[in-house]
Structures are given as C-alpha cells and as structure tokens.
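This briefing concerns the packing, the surface and the confidence of one protein model. The sequence and structure are shown first, and the notes follow by topic.

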Amino acid sequence: MAKAAYLSRSDLDSSSGSDLSVSSRTSNRSLRVLEKERRKNEAGDPFLLALKYFSEVEAGTPCLGNHVLERNLVLVERVGLSRGLPPEAISVMLDYAMSLRMGGVTCVRVLKFLIPATVVPQEAVVRAVAWLCVSKIAISTQVIFLRWVLTVFDMIDSKDNLRAIYGFIFNFVTEENLSPYICHLLYLLTRRESVRTFRVRKLLDLQAKMGRQSFLLHLLSLYKVFCPELVTLALPSRMRSGFKNHNSTWKAALSAVQKRNNGQVSSDISLTLGVKHKTNSRKRKYHHLELPSLSSSVQRNSPSSSSRKVFPLEQLHSFPQLLDNLHCIELPSQMGSLLGSSLALCYLDYVQDDSAFLRLNFWLGHALHEEFLFCSGDGGSGSSSEALHLLNMLLSTQQFLQEGFSSTEGFLYKFLNVWDGSLLRPQILGLLSDIPVVPSSCISQLLFEPLMQLFFTSTLFFKCSVIDCLNNMLLKWLTWHSVYALEDGLDISLHSHTPMNMTLSGFMDSVMELVRFVGRLATVGLQLEGCHSLFLSFVLDFYETVCDMFLKYGLPLVVMPPVGVFYPALFATDPVSVDRLGYIMYRYKKNLISAKCQQQETKQAFHISRQTYREFNHYLLFMVSCLWNSKMFLPGMAIEVDQELLALSKVPEPWTSFDLIHHPAFLGYALDFHCKCWPERKEMDLNSIKAGKQWVWYLEFLFSQGFQGLQQFVQSSINRRSAAGTNDQGQGDSQPTSS
C-alpha cells in the first residue's frame, strides 16, 4: 500500500511537471505570436513606416524629386493636422526637422504640422534647442521654431530640463530678430534662482540699444519681482498686458485636434490661443471665454514627476488634503483654471507667489482685452452667458482674495470709454468697486470722466448703481487703509503692500477727490431726478461712510456734504431721510470732536481745516433752528425768503413749517400723537403739542418709532431745558452745541 501510494504520488508529480512544461511552451508560443502580429502591424502601418523613414534617413539625402520623402511627409502631415501626433512622433519629426538632414525647406514644413495629440516630450524640445546652437538654421526658421515652442508650452510634459538650460536660451536674447520670442520663453521659464546680475545688466544694455521694448520691460518686471535689489530701473506702473501671441499658424489645427480628442489634451489651449487677428473689422464675437480645466503642468507619468513628489491640483478635493500636501502642490499649466477652485485659491493666497500672480494677470489680460474688450455686442446668448460666467467667477475670486487684479483694472479703464452702461452692468460695476487706490493726478481721466458721461444720460436705477459702486469702492479703500495703518503706524507707506507707491497724503488726496466727485454727482442727480427718495437713500449711504472716516477707519480727513445734498435731505418728505441726516450729523460731530482732542493731545502733524468746522457749525445751526426752534425763513438764516412773498403764500406761521411737528416728514406722526393725546377734540391744534409735558411726550413718541438717528442728534446737539422749565415754556429756544 505504501509503495502504491508512493508510485501514485510520483505519477502525480510527473504529471504536474508535464502540465507546467506544456503551459510554459503555450505561453511562449503566445508571446511569439503576439510579437509577430505586432511586427506585422508595424510593417503594415504606413504611419509607423513613415516615422521609421524619418528616424533613419541619412543627412545629405536629396529632397528634390524624392517621391518617398514626399509620400511620407504627406502621410505624417495628414495625421498631424487631423488627429495630432503622439509624443514619439513629435520627438522623431522635431529631431528630423531641426537637424536639417534634408535641408531647411522640409524643416519649415514639418514645424507647421507638428500638432501634439496629448503632450510634447520635454527632451525633444531640449534636443531642438541644442540644434539651435549649431548655427546652421536660418533665422526665419528659428523664429518659427520659437513660435511653435511658445504655442505648445503648456503641453510640454515637464519644464525642469528646459530650466536647466536657461543660460543657453538666454544667450539668444542678443539676436534682434529672436529677442521678442526669447524674452517670452524666458518669462515663462524664469524662477527666482534664474535672476542673476549679469543677466539684468545684459537686458539693460539691450534696452539702451533697442529702446524701451515691451518684451524687455516685461522680462525686467518679472526679474524685479523676484530680486528688486538687482533691478533698480523705474518701470511703468501700467504696461500693455502680456506678450503678443504668435500662434496663428497652429491655432485652427490645435483647436480641431482638441475638439476631436474630446478633452484628452491636458491643458485647455482655447484661451492661450485666442489671438487677435488683424482683420479689417475689430468686431468679433465672444469666443473662448470658458475657464480652462484644472490640470497640473507636470504629467503624472513624466520622469520629473516620478523623481520628486508632486501633488497635482486636480486631485485636491478637501481642505485637510491641502494642508497635508501644501509644500508639494504643482501650479496648473493654465492659471485661469484657478478661478474655478476655492481650494486652489486658498493655496494661491497662502503661497503668495509673485510669479503665480503675474501668470494669472497675463491670462486675465488676454481673456478680457483680446476676447472681451473688442468683441461685438451681437455675440449671441451663448456667448453672453460665457462672458457673464467669466465675470462672475472673477468677481467671486477677487472677493475671496480681498484684492483686485491689475489686468482687471487696466481692462476697466479702457472698457468704461466704450461701455453703454447696460451690458453686464452688475458685473462691471462690481469689478469697478474692487479697483485699488487710484492716484489723484489721474483718477479724473481714468475714472470720473467716463462715469460722468454715463451718469448724466442714464436712468434713475443706473444712477443709484453708480453711487452704490463708488460707496463700495470707498469702503474698500478705507478698510485697506485701516488694516495697513494698524500694521505700519499712522504715517504709512503703501509700497510694501501694493505695486503702486503712495504716501498717506497721496491716499488722502485720492479719497478727497472721490468724495468730492460723488458730491457733484449727487447734487446734479438729485436735481435731475426731483430729489427721488431712492436715489437720496443711496447718497445718504455714501455719506454715512464719509462721516466716520476718522473714528472708524483712522483716516485724518473730514469732508462735509455739499449744500445740494444737505438741504434736500433735510427737507425730504420721507422721515427716514431726515432721520439718517440726523445720524450723519451726529457722527460728524463725534469725529470732529475726537480729531480736535487728538490733535491737541498728541500734537499730530495733521489738522482739520477751519473751513470744515465752519461748514459743520453752519449746518448744525440751521438744522437746530429749523427742526427745534421753529425759525425757518427768518432774517439772518441761511435760507431767506422775502416777507411779502411769504405773505402771498398765505401759509400761517411759515417759520414753523419745518419743525419736528409741521415738517412734511413728521406731520403724520404729529397728527397721530394729537389724536392719541386729545381723542375728544374735534379741532386739530398741533401747536398745543409744544406746551408743557406734551412736548416731552411727543419726542418720546417720535423716538419710539425707530428714529434713533434723530434721537442721537437731539441728545448730542441740543441743550434741552430742565423738566421744570419745560413745563412752563414747552419747547422754548435752545442753542446748538457747536464743535
């Protein structure tokens, strides 16, 4: 039995080994079959045969009359323009073209159909740059190559090796025909470690030789961001946004390939490739305004991504994930995609990378200027919805970051001159309220003049929207000032927080100009709209901000409202406007008293002018005399009316027409109070309210209706008589407490 069992076990082992041997032979046979099939397919695939031809063709092979060359070129060209070329094909064809194995004619032709289907291998671009150093390629061909690199830059799988040869690329900057393209490429490749003294000196020498060229200024501005101590040149505060786009040769083919591949291309090239064609008409429809998809500039399977830990932004889905990968996040290839991700904006706000903001401004400058500013108004509902989505996204981004973009500011200054006041009005005014402080020397030309033309010829609702926009602008300026004044002390210098240098006095001048401009708009607007209550409400909103600039925001500036605003508010027929005016006067008094006390105690250099105190005391005296003392239209008052004219009006006791009882805004409350106090009376005698305790009761009744502003004004500005004295003389005459 044991032997039988042993033999049986041996038989099993033998059988098992035999099965394994058969399985191994079968597997090897399958691999050989697959390899044979692959070679057969390669041998039968004309495209692969064409690539093999270009990879093996020897230098010096004639191209004239070469039918094999022409057949293979046409084949690869057809594939490139229809489906795009895979990375391996890009490498083969780019090396063939730049090596000039068959002359420069085919080189230009090849470069024109090098349309990538997915990505461009970095090593292929590095080898092509190396061929540039041989100096056998014509300058015109080098220009076409550089234009191609700039066009597909966002599709290059990695940039590390390109940055490693930054110095070789920089050497071409002295070539006059190549300089614009080299500066653009260097701008995209520059990092802090790329900025060196000798490079700055070389660019400055070129500028002295060539003049203030925009491409040199842009590259120098980036150098100054990274190393301000090396670039001492004063650069213009406003330059044309970005570099010129030179991608018209490949734009249509790239767009077609992208659409055919259904978004397989990792970077959305639509915005980058939206160039402004030089046609006879500048009117164009909205197009390519959609936001790019969020994708990292480093591909997941690229060698550089495997050699260092990189976390693509498109894989970021939660805030804890952001915190865990904060120092290994790779910025996207298209900075415009950040506008659609709150987590990406959190990262951008944290890193405070100047180059990232420059890239984002470059993208926005192109999107707004090239694709929106010069478009026609008949873009269609789909196009207008794209523009609406872009501007709403931009608004939410600026609110999230608590700052505006310089490219948005430049776009608005140009757009206001051609705006009709109705196209995307909420979005345009919202962006306008986010612009940073504008120097007083140019604020009128850039902002006030175009707004004034729209304001005086617009509807009531547009006027209200403009006043609200300017109020929000002032609020953001004052909030910005209060934050940085708290950090840096009262005598702030703004150059450390904003690209525009501005002192405290310059900031105060800009605020003064803005407040006076709104005062002029409000005065004329109230006349044009017949002192409409809605418009007056927005105007009073603005002056509620202005009256508290010193106490609430720490700005040593007090600006009184013009008479064209004060008197319409005082004589308004709605009680809310009069109540808000009372609150505004109360806050003005608090600010003036506090400013005077601080000036006396601390001996500050600033001071409130005597004219401001005189204006306030004049308004205060008139308001008390009108509302409290019933001395309207009397000689010596600010508003005098001839007594004979008053007699012709047949208004009894016209000097009491605007006190707290007879004022059109409070007459209804006085009638209601009279009916409650003397319900049995059949005749109405409103003057009886002024006698005895009824006056005190009436004030309490009036204040209980929610008029806190009027209550604060009365309590702070009027010396009321004692209770005993009031019982005898009622209201009596009181003197205002002046500042």
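Beyond its neighbours within four places in sequence, Tyr 698 is in contact with Leu 660, Ile 661, Phe 666, Tyr 669, Ala 670, Phe 673 and Ile 689. The model is predicted, and its protein chain has a mean pLDDT of 78.

**Nonpolar cores**
- Tyr 698 is, with Leu 432 and Leu 660, one of the residues that have the most contacts inside the largest nonpolar core, a set of 138 residues.
- The element that gives the most to this core is helix 23 (residues 504–528), which supplies 12 residues.

**Surface**
- A nonpolar patch on the surface is formed by Leu 667, Leu 671 and Met 684, which together have about 230 Å² of accessible area.
- Leu 667 belongs to helix 30 (residues 667–677).
- The relative accessible area of Leu 667 is 33%, so this residue is classed as partly exposed.

**Confidence**
- In the protein chain, 75% of the residues reach a pLDDT of 70 or more.
- Confidence is highest in helix 24 (residues 533–546), at a mean of 95, and lowest in helix 33 (residues 723–729), at 38.
- Over residues 722–730, pLDDT stays under 50, and the model has 12 contacts beyond four places in sequence for this stretch.
- Residues 488–500 also keep a pLDDT under 50; for them the model has 28 contacts beyond four places in sequence.

Technical notes. Residues are numbered from 1 along each chain as its sequence is written. This is a predicted model: local features need pLDDT of at least 70, side-chain atom pairs count only at pLDDT 80 or more; totals for chains, interfaces and linings use all residues. Side-chain values use heavy atoms; hydrogens and water are left out. Patches are made of residues with over 30% relative accessible area and no salt bridge: like charges are joined within 9 Å, nonpolar side chains (Val, Leu, Ile, Met, Phe, Trp, Tyr) within 5 Å. Accessible areas come from the Shrake-Rupley method with a 1.4 Å probe; for residues, only the protein chains shown count as cover. A salt bridge is a side-chain nitrogen of Lys or Arg within 4 Å of a carboxyl oxygen of Asp or Glu. Helices (H or I, at least four residues) and strands (E, at least two) are DSSP runs, numbered from the N terminus. Buried means under 20% relative accessible area, exposed over 50%, partly exposed in between (1.4 Å probe, protein chains only). A nonpolar core is a set of buried Ala, Val, Leu, Ile, Met, Phe, Trp, Tyr and Cys residues joined through side-chain atoms within 4.5 Å. Contact means heavy atoms within 4.5 Å. pLDDT is the predictor's confidence in each residue, from 0 to 100.
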